[in-house]
Amino acid sequence: MTSIITRIQELKKEREAIILAHNYQIPEVQDIADYVGDSLGLAQTAFSRTDTKVIVFCGVHFMAETTAILCPGKVVLMPDIHAGCPLANMITPRELKELKKQYPDTVVVTYINSSAAIKAQSDYCCTSSNAVKVVKTIPEGKRIIFIPDQHLGDYVRSQTGREMILWRGYCPTHRRIRPENIQQKKKLYPKAKVVVHPECTSSVIALSDKVASTCGILKYCQDYQDKEFIIGTEIGILHRLKKENPDKTFIAAGDLADCPNMKLNTLEKIMWALEDMESRVSVPDDIASLAIRSIQRMLSIT
Ligand code: CIZ
């Protein structure tokens, strides 16, 4: 392990590289990263680091694509190119084209968990932390298509009162968190606050004290004076929660909420990525130039 870490540090210097890790990565990967965060925060960090040429993105494919769109002059590497996002893959550009034909004169709001090709056909991008805010800026009376996550869409609908056409996509990992899991954990830890991600189903959200994005969950647990928290999102986040709050107790709402794609990245693969300068992620110019508009519209709101 030590020799791999030493080799990664050498290669980082040689390649003028930084390592970015999503909040759902395995502990060893989070610990070696220069930054740990959510997909947009990481992409913005990559953009702001003018002193770096190479970004090793430890997350899933759409996240590396977002970084490549925001940082066209940098090399974006994924340690494992097979780390995809099933939710992002649940809508294709052809399906979105059909949906827009079926509902003309609509505004398309797209969750960041989507491919660059889908973002390119969208009016607004949004994250789980700003989806409510983005939707609230769209004039009343304008019809909205929200893709691809039905649960985030449903949550946004409940917070804004806006009618929206939802796509039936979902995150299989968040779906594995069941209301029974929360009830069980509440029995074991009756004082714990229940904090869940908006990709959870509405029956899980109904049992929660707080709904937030990964960075929102981290902030809430840090700021809140309570000592016990039941966490309803991908279990990789528990590492950062425990590390940043050693005096508090964090309990996974569902032990099965373990994303197999996020877990494909390992220290060995980071080392190989830097040695071979593979696998590179890039977005064709014609798609990137359209996709960036939906991202910039979101950024101008938030
Ligand atoms: O944008 C992200 O990183 C995702 C997928 C979730 C979140 O809540 O941070």
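Which residues lie nearest the centre of the largest pocket? Select H22, Y24, M63, N113 and E199. They belong to a lining of 31 residues.

Before going on, two notes. This is a predicted model, in which local features need pLDDT of at least 70, side-chain atom pairs count only at pLDDT 80 or more, and totals for chains, interfaces and linings use all residues. Residues are numbered from 1 along each chain as its sequence is written, and side-chain values use heavy atoms, with hydrogens and water left out.

**Stop 1: the largest pocket**

A pocket here is an open set of points on a 1 Å grid over the protein atoms alone, where a 1.4 Å probe fits, with protein on both sides within 12 Å along at least five of seven lines; lining residues have an atom within 4 Å of a point. Points are joined across faces, edges and corners, and the volume is the space filled by probe spheres set on them.

Now colour the lining of the largest pocket by class. It has 14 nonpolar, 13 polar and 4 charged residues. Nonpolar covers Ala, Val, Leu, Ile, Met, Phe, Trp, Tyr, Cys and Pro; charged covers Asp, Glu, Lys and Arg; the others, Gly among them, are polar. Next, show α4 (61-70) and α9 (172-175), each of which supplies at least two lining residues. The largest share, 3 residues, comes from α9. Helices (H or I, at least four residues) and strands (E, at least two) are DSSP runs, numbered from the N terminus.

**Stop 2: the domains**

Colour the chain by its domain assignment, which is automatic or from a database. Domain 1 is 2-84 + 262-282, domain 2 is 88-169 + 288-301 and domain 3 is 177-252. The contact takes 8 residues from domain 1 and 14 residues from domain 2. Contact means heavy atoms within 4.5 Å.

**Stop 3: the second largest pocket**

Select A68, C71, P72, S282 and V283. These lie nearest the centre of the second largest pocket, among 15 lining residues. Its volume is about 250 Å³. Why does the second largest pocket lie between domain 1 and domain 2? Both domains give residues to its lining, so the pocket lies between them.

α15 gives the most, with 4 residues. By class, the lining of the second largest pocket divides into 10 nonpolar, 2 polar and 3 charged residues.

**Stop 4: the β6-β5-β7-β8 sheet**

Show these strands in that order. They make an open sheet of 4 strands with parallel pairing. Two strands pair if DSSP finds at least two bridges between them. The edges are β6 (124-126) and β8 (164-166), each pairing on one side only. From one strand to the next, the twist averages 25°.

Zoom in on β5 (residues 106-111) and β7 (residues 143-147): 5 bridges join these parallel strands. T110 stands opposite I147 in β7. Angles run from 0 to 180 degrees between N-to-C directions; axes are lines fitted to C-alpha atoms, for helices over the stretch in contact.

**Stop 5: the β10-β9-β11-β12 sheet**

This open sheet also has 4 strands and parallel pairing. Its edge strands are β10 (210-211) and β12 (249-252), each pairing on one side only. Select β9 (residues 193-196) and β11 (residues 228-232), which run parallel and are joined by 4 bridges. V196 has G232 in β11 as its bridge partner.

Bring in α10 (residues 179-188). This helix packs on the sheet, touching β9, β11 and β12, and makes about 150° with the direction of β9. Helix α13 (residues 237-244) touches β11 and β12, and its direction makes about 170° with that of β12.

**Stop 6: backbone details**

Most residues other than glycine have a negative phi, and most peptide bonds are trans. Three places call for a look. The bond from I147 to P148 is cis, with omega near -15°; P148 sits in the loop between β7 and α8. The bond from E278 to S279 is also cis, with omega near -5°; S279 is in the loop between α14 (267-276) and α15. Last, go to E16, in the loop between α1 (2-15) and β1 (17-22). E16 is not a glycine, yet its phi is positive, about 55°.
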